[in-house]
Amino acid sequence: MALGNIAMLLTGLLALLSGVLWRDRTWRSAPYPWLMLGLYGVVLLGGLWSSAPWGDIQLNYTKYIKLLLGAVFFVLLAQPQWRTRCLQAFSACMLFILASVYANIWLQLPWSKTQSLGWGVDHTVIGDYITQNIMMSFFVVLALWYCKNAPRLSLRLLAAAVALLAAVAITQLSQGRTGYVLVTLGVSSFVFFMLKGYRRWLALLAIVVAAGGAYSVSQTAQERVHLAITEARNSENMEITSIGGRINFWKHTWELVQQKPLTGWGTGSYHDEWCRYVTKPGWCDFGDRHPHNQYLLFWMENGLLGVLLFVGILVATAHSVWRDDRWRPVVLSFLVILSVNSLINVSLWSSRESHFFTMMLSLLAAQAYFGTRQTSAALEKDQM
């Protein structure tokens, strides 16, 4: 994490010193960087009326500074060769993680977080299983996109095999329920936006059948889903559980939102206000940092404008790529993964998740905005 933070900050600092932000004016009409800057501005201003101690306000300023860096990364990725290199680098890293997951079935790998051998158990290589499965879910989508666009049959088959292995790694070699949901929705979204007519519905039916088959042969998945159902049913008892906790986080945070829907309680205020509002023993420490929902966190702390700016970033990216047949499936599938994950986790607040989502969102937003214009310019040049 420290190396990642240093690398991101150095990239942003050197970009400012290089003057590229001032020399290249093509980005100034793009909504994405201004929305990112606007959201961070709202976070900064929210500290003025927050009841939180300075330490909590400063923590949020630090957490969300990646919004500023995301705006800078967007400009740095204006050139197509850098977007290609970044996607290739991400793919290479995910291939290493995927190979490690399968190797860890038989071998004790020193760089793997889990050291449990065998099939059907959790094989988390980096960070935690939620973060790994979020990235692996998008990697499945990216591999399917490579399969669709590969120039040769051998490459298409290889990409399809990688997508299948990555999906199996999520469903059979991890205990993360988030991964089950995101890979299913990510692949379904890719198929929906890529295909048309009856092929779309046949493919979606095949995904449902495949998901059902994967669930039926995975004892871990069945146990985790049954546990989730039990925890949800017992949520009113205010027991400290994963799913029951989330339901109570959302319920009580929404009640706090309703008290100050326009301005919010101020940046960094969640900790104090949660502990003041929810007094059942143990729940102050259990839910003291965030409600496992990025929309509610922005709304509760930064008001209606905060959550609208966040949604606006997603909508602006989707709008930019809507007419790009080549990139629309992969970009919109990523936005579905980000949007759904933000319902059950804090995508831009949690350290590891925010690293991935901020950088990949900036890359794909740059592709959506600059790529569409570069393709149009190239077509106009060919027609002249």
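These questions and answers go through the helix packing and the nonpolar core of a predicted model.

In this predicted model, local features need pLDDT of at least 70 and side-chain atom pairs count only at pLDDT 80 or more, while totals for chains, interfaces and linings use all residues. Residues are numbered from 1 along each chain as its sequence is written, and side-chain values use heavy atoms, with hydrogens and water left out.

Me: Which residues of helix 13 are buried?
Reply: Helices are DSSP runs (H or I, at least four residues) numbered from the N terminus, and buried means under 20% relative accessible area with a 1.4 Å probe, protein chains only. Helix 13 spans residues 270-277, and its buried residues are Y270, H271, E273, W274 and C275.

Me: Which helices do the buried residues of helix 13 pack against?
Reply: Contact here means heavy atoms within 4.5 Å. By that criterion, the partners of these buried residues are helix 4 (54-63), helix 12 (242-259), helix 14 (283-286) and helix 15 (294-321).

Me: How many residues does the largest nonpolar core have?
Reply: A nonpolar core is a set of buried Ala, Val, Leu, Ile, Met, Phe, Trp, Tyr and Cys residues joined through side-chain atoms within 4.5 Å. Y64, F74, F90, F138, F334 and F356 have the most contacts inside the largest one, whose residues number 104. Helix 15 gives the largest share of this core, 13 residues, so the count asked for, that of the core as a whole, is 104.

Me: Which residues does F138 touch?
Reply: Residues up to four places away in sequence are not counted here. With those set aside, F138 touches F90, V330, F334, I337, F356, M360 and L364.

Notes
Buried < 20%, exposed > 50% of the residue type's maximum accessible area, 1.4 Å probe, protein only. Helix = DSSP H or I, 4+ residues; strand = E, 2+ residues; numbered from the N terminus.
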